[in-house]
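Please take a moment to look over the sequence and the model that follow.

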Amino acid sequence: MANELSADVVVVGTGICGSFVAHELAQAGLSVLMLEAGPRRERAQLVENWRNMPPANKAASDYATLYPTVPWALHPQYMPENGYPQVDGPDAHAYRQGILRGVGGTTWHWAASSWRYLPSDIQLHATYGVGRDWAVTYDELEDYYYKAEVEMGVNGPNDTSLKYVAPRKQPFPMEPMPYGPADRRFTEVVATAGYANTPVPQARNSRPYDGRPQCCGNNNCMPICPIGAMYHGVYHTLKAEKLGARVIPNAVVYRIDTNAANEVTAVHYYDPDKVSHKVTAKTFVIAGNGIETPKLLLLAANDRNPNGIANSSDQVGRNMMDHPGILMSFQAAEPIWTGGGSVQMSSITNFRDGDFRREYAAIQIGMNNTAQNLKAGVKALQMGLVGKKLDEEIRRRAACGMDIYVNHDVLANPENRLRLSTTRKDGLGIPFPHITYDVGEYVRKSAVFSRQHLQKIAALFGATEIETTPYFNPNNHIMGGTIGGADPKNSVVDKWMRTHDHKNLFLATGGAMASAGTVNATLSMAALSLRAAAAIKQDMLHG
């Protein structure tokens, strides 16, 4: 075993949640060591990787290949598939996630949608009698929502008359970016049928902010913002490093030691050569994504915790959630010209809340503003066209192609479960995560209406060549696997993200979220992580 390392706080994971925690604690003068399973990546190289990817990968919206996986820290690759993680169950396709492992985490290639949840989303059972309530209330989280928005640089609408907008005490740090032509036209057309299409809060700069440039509408947010106008977790990793935090990439944590009081005393990690290293601290934070965190906790089972770390409730790896989606593509009867601005700029929120939630899932409807030129070119070539006819068809399809979607709320279900694979292992011999997933009747009831909405919107645009996914799509909004709650018998962490079983172990991850709502989860994950940092500072500096 190599030499031991030590710090006041060890943070496992350098995505947005871990980086926020590390920055807060380093700012408070604590020594911080960050362990990241994957490698460091540089933006310039990622942009080149994207430019040089095969057209077929780009046309299929392959956002993984430009982030090559490594044998010691696998993440999903789909062209070709590497089978990570293993997924089965009635809705296995709805859990084909697009996570990344590496410094900065998955926010390297997100859409930057930064919604607050509604108070009713957070207290779903108390409001509608279904699902579960979070360990915190909206009022307890609101200040942390705002701090996260300021740290990330979120632009958004301050119009309080908009339908189903979360209450806020202070305005957004930045005003919204102007719509491109497609979002303007989409808003006009759907309004004729009563749909209210409103700006999406986004963690990208509508003006220069925090040393990052203003968004210039490259429309490349997924898979990589080429100029750094979009926020992602690496920014706070770098800020934490400037304050003295140390980052060790390619450090795969696999073991967690506990003492007689069940406090965590050390973690052990493998380097790429499978040499083991030990790290001690006073406080430990696991901040992997919603798949890797429960995987690690189960993997690290020891004599005092035979079912896994923090798992006396048997809830680690249970209640896995995402937002099951349905996607429709078609050719509009008029030019729409998607591709002006960022990839997601607006959303229909009419059905985000309401008493119907007692019976079936709330939904979010939207248009993907991704440019259609690549898809248009591939389709036109498949038609066998050449010369002027090929050029005209590409132009027509690039102008008229549209993708619209519906995302659904999903209820926490203990049977939607992550276990350790018994058949697949990575390059270090660590088992793959193995997830069983079923969206449930609550979603399937709602999906009947969702498909009607999609058909109605398509008709408004005079759609032809309509294609709709027959299954539910994943959205990479991973929640629930380390669920929060007041009762240690049916939850993993408390309202401060402290594990019930280990007083000096915190889980800064979206896994604590006990309900899914309808909107992207990243801002909520960040706000919960900032609460965890506040509790750690209270313990270590004032306790």
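**Briefing on the predicted model**

Lys-58 lies over the face of Trp-50, at 5.1 Å from the ring centre, where a charge counts as sitting over a ring if NZ of Lys or CZ of Arg is within 6 Å of the ring centre and within 35 degrees of the ring normal. This is a predicted model, in which local features need pLDDT of at least 70 and side-chain atom pairs count only at pLDDT 80 or more, while totals for chains, interfaces and linings use all residues. Residues are numbered from 1 along each chain as its sequence is written, and side-chain values use heavy atoms, with hydrogens and water left out.

**Aromatic rings**

- Tyr-95 and Tyr-437 form a tilted pair, with 4.6 Å centre to centre and 50 degrees between the planes.
- This pair links distant parts of the chain, 342 residues apart, with Tyr-95 in the loop between β3 (86–88) and α4 (119–122) and Tyr-437 in the loop between β14 (431–436) and α12 (441–460); here helices (H or I, at least four residues) and strands (E, at least two) are DSSP runs, numbered from the N terminus.
- Both Tyr-95 and Tyr-437 are buried, a term for under 20% relative accessible area, with exposed meaning over 50% and partly exposed in between (1.4 Å probe, protein chains only).
- The rings of Tyr-117 and Trp-134 have centres 5.5 Å apart and planes at 50 degrees, so this pair is tilted.
- Tyr-117 is in the loop between β3 and α4, whereas Trp-134 is in the loop between α5 (124–128) and α6 (138–152), 17 residues apart, and both Tyr-117 and Trp-134 are buried.

**The sheet of β3, β14 and β13**

- Three strands form an open sheet with mixed pairing, in the order β3-β14-β13, where two strands pair if DSSP finds at least two bridges between them.
- The edge strands are β3 and β13 (417–425), each of which pairs on one side only.
- Neighbouring strands of this sheet are turned by 30 degrees against each other on average, direction ignored; axes are lines fitted to C-alpha atoms, for helices over the stretch in contact, and angles run from 0 to 180 degrees between N-to-C directions.
- β13 and β14 pair in the antiparallel sense over five bridges, whereas β3 and β14 pair in the parallel sense over three bridges.
- Ile-435 in β14 is the bridge partner of Leu-418 and also that of Val-87.
- The hairpin of β13 and β14 has five residues between the strands, and Gly-429 in the turn has a positive phi of about 85 degrees.

- Six of the seven residues of strand β7 (residues 264–270) are buried, so β7 is largely enclosed by the rest of the structure.
- Strand β6 (residues 252–258) pairs with β7 in the antiparallel sense over six bridges, and Arg-255 has His-268 in β7 as its bridge partner.
- β7 also pairs in the antiparallel sense with strand β8 (residues 276–286), over five bridges, and Tyr-270 has Ser-276 in β8 as its bridge partner.

**Nonpolar cores**

- A nonpolar core is a set of buried Ala, Val, Leu, Ile, Met, Phe, Trp, Tyr and Cys residues joined through side-chain atoms within 4.5 Å; of the 151 residues in the largest one, Leu-35, Met-152 and Phe-461 touch the most other members.
- Helix α13 (residues 522–542) gives the most to this core, with ten residues.
- Apart from this core lies another, of nine residues, among them Val-70, Trp-72, Val-252 and Leu-428.

Definitions and conventions: Phe/Tyr/Trp six-rings, centres within 6.5 Å; stacked < 30°, edge-to-face > 60°.
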